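Come along while I look things up, one entry at a time.

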Amino acid sequence: MFTRQITISWFLNYVNMGLGFVFTLCLIPFIIRGLGQEEFGLFSLVGAFAGYLTLMEFGMGATVVRYVAQYNAQNDKKGRENFLAMILLIHVGVAALILISGFSLAFYMDKIFAASLTDQADVRKAVTMMVILTVSLAFCSLTNVFVGILTGYEQFIFPRVISTISWVGRIAATIIILVQAPTAVAMTAITAGFAMLAGTINTAYAIRKYRVGVFLHAWKTDLLREVMSFSFYNFLLQIMGLFYWNIGVVIVGIRLSVADVAVYGVAMQLNLLALKFSASINDLFLPHATKKAVNGSSVEETTRFAGKIGRIILILYGAICLGFLFFGESFINFWAGPGFEDAYYVTLIALFAAAIPRIQSGMNNVMKAMNKQKIPALLYAGAGLLSLPLAWWLSKHFGLVGVISGAATALILCNGIVANIYFAKGLGIKLGLMFRVLFDRIWIVFIVAGIAGYALTGIAGNTVLALLSQ
């Protein structure tokens, strides 16, 4: 199960997350202070808004991984070449669509965010940032095809080495900008520039290392329908992720203020960092899951496979949730400074709402490998749409906590109840076996950790930071 590529890549994932941790936890307080709360809010708002342009990739990333792995397992070189030619042509169209849409939206920023972008200087900055991010996203939509090829070949190490170098470069460039002239536009340019550089290097490596053949032998309509069907439901899953988290930033920008966007943005930074930290192992197993599906694994093998991945994620994610529960409030006060107190409650709700889908995320690979993600994707997308009116309505009465509560309610209902029914009835997964693999004796660990965390909150002024300062 754990090959050399997976083991080393898992380690490199945590190196990258450590660098992301340095960037998020060490540099962002300086970025906030350098930019100011309102300009940091502008930086968060435009970044989240531009992120919706990635929806136009239509879930193709996992599609490339899945089909390259399938053709490799079947030793079908001609089929792989034809598939890659078709998918690359589609991505050229996607890149063009991103450019057209992004540039069009850029010139309506003042109308879309009329409540929060009240200063013309902020509007000009928002337009410039949107244009920069649009170009970057269009370019990366093409290079992502080759990153998917590397993953389909189970070559995980090289992209993660490039990611590590990119993080180091981004951190160094950020420090230089903070010292010289900190602006939201400069920070956006750094993010976009390093993303494009990493994509270029990965593309060159994929072509040279694997001599990737891209040749259109025939335009196969049946293959296109199959690929688009697979991509469409991945697309809906992607929408789910954006609606649950990023949509909150947009709602806050429309309903509340730029300062509130900054608070919500800090909470989402912490939440997404926790999600990435716990989910990194899951992303490495789609090629392996595809091979198991092609080779006809039994239901029990599939169930244990998903359970083992979930158990690892549960240990990591559970530790993060408990740590933040006990020490998150004092940490945010220390890290972000005055004015960000509500970020603790927003982050806490997000973390615990995401616990169920996190520990069940091994099932995502199983569904993609079996090409049976249709029903869950529709359910998840429905739950994401449900979160919109909930978050919008609750924001009026409860502010930031109301926004995140709308997303959390939909997430818990969908993943806690509906998804498990489908796993059992639709896929034949043995839920009892999966949960036994997941929770076998692990509850002891969490009880002990919970007691220890509670005890530590009573030491030295109720904070670990105070304890360390003694």
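**Entry 1: Ground rules.** The structure is a predicted model, where local features need pLDDT of at least 70 and side-chain atom pairs count only at pLDDT 80 or more, while totals for chains, interfaces and linings use all residues. Residues are numbered from 1 along each chain as its sequence is written, and side-chain values use heavy atoms, with hydrogens and water left out.

**Entry 2: One methionine.** With the contact rule in hand, I looked up Met-268. Not counting residues up to four places away in sequence, Met-268 touches Trp-245, Val-249, Val-346, Ala-350 and Ile-404.

**Entry 3: The whole protein.** Next I checked burial, where buried means under 20% relative accessible area, exposed means over 50%, and partly exposed is in between (1.4 Å probe, protein chains only). Of the 470 residues, 53% count as buried. The protein exposes about 20,100 Å², and carbon and sulfur atoms supply 67% of that area. Those areas come from the Shrake-Rupley method with a 1.4 Å probe, and for residues only the protein chains shown count as cover. I also noted that, among contacts with a separation of 6 or more, 86% are between residues 24 or more positions apart.

Entry 4: I picked Leu-385, which lies in helix 17. Is Leu-385 buried or exposed? Leu-385 is exposed, because its relative accessible area is 51%. I then compared positions: Leu-385 and Ala-410 are 25 residues apart in sequence and 8.7 Å apart in space, C-alpha to C-alpha.

**Entry 5: Salt bridges.** Side chains of opposite charge can pair when their charged atoms come close. The rule asks for a side-chain nitrogen of Lys or Arg within 4 Å of a carboxyl oxygen of Asp or Glu, and by this rule the count comes to two salt bridges.

- Glu-39 and Lys-125 meet through their side chains at 2.9 Å, N to O. This pair links distant parts of the chain, with Glu-39 in helix 2 (residues 37–50) and Lys-125 in helix 6 (residues 120–152), 86 residues apart. Glu-39 is buried at 14% relative accessibility, whereas Lys-125 is partly exposed at 26%.
- Glu-300 and Arg-304 have their closest N and O atoms 3.6 Å apart. Both lie in helix 13, four residues apart, about one turn of the helix. Glu-300 is partly exposed at 37%, and Arg-304 is partly exposed at 35%.

**Entry 6: A serine in helix 13.** Ser-330 also lies in helix 13 (residues 299–335). Ser-330 counts as buried because its relative accessible area is 16%. The side chain of Ser-330 reaches the backbone oxygen of Phe-327 at 3.1 Å.

**Entry 7: Rings.** Rings of Phe, Tyr and Trp (its six-membered ring) pair if their centres lie within 6.5 Å; planes under 30 degrees apart count as stacked, over 60 as edge-to-face and the rest as tilted. My search of the whole structure finds eight aromatic pairs. One of them, Tyr-71 with Phe-83, is tilted, at 6.0 Å centre to centre and 45° between the planes. Tyr-71 lies in helix 3 (residues 60–73) and Phe-83 in helix 4 (residues 77–106), so this pair ties together parts twelve residues apart in sequence. Both of these residues, Tyr-71 and Phe-83, are buried. Tyr-344 and Tyr-345 have ring centres 5.2 Å apart and planes at 75°, so that pair is edge-to-face. Ring pairs also link Tyr-67, Tyr-71 and Phe-83 into a cluster.

**Entry 8: Helix 16.** Last, I looked at helix 16 (residues 362–370), which is largely enclosed by the rest of the structure because seven of its nine residues are buried. Those buried residues include Gly-362, Asn-365 and Lys-368. After helix 16 comes Asn-371, whose phi is positive, near 55°.

Technical notes. Helix = DSSP H or I, 4+ residues; strand = E, 2+ residues; numbered from the N terminus. Polar contact = N/O pair within 3.5 Å; in protein donor to acceptor, adjacent residues only side chain to side chain. Contact = heavy atoms within 4.5 Å.
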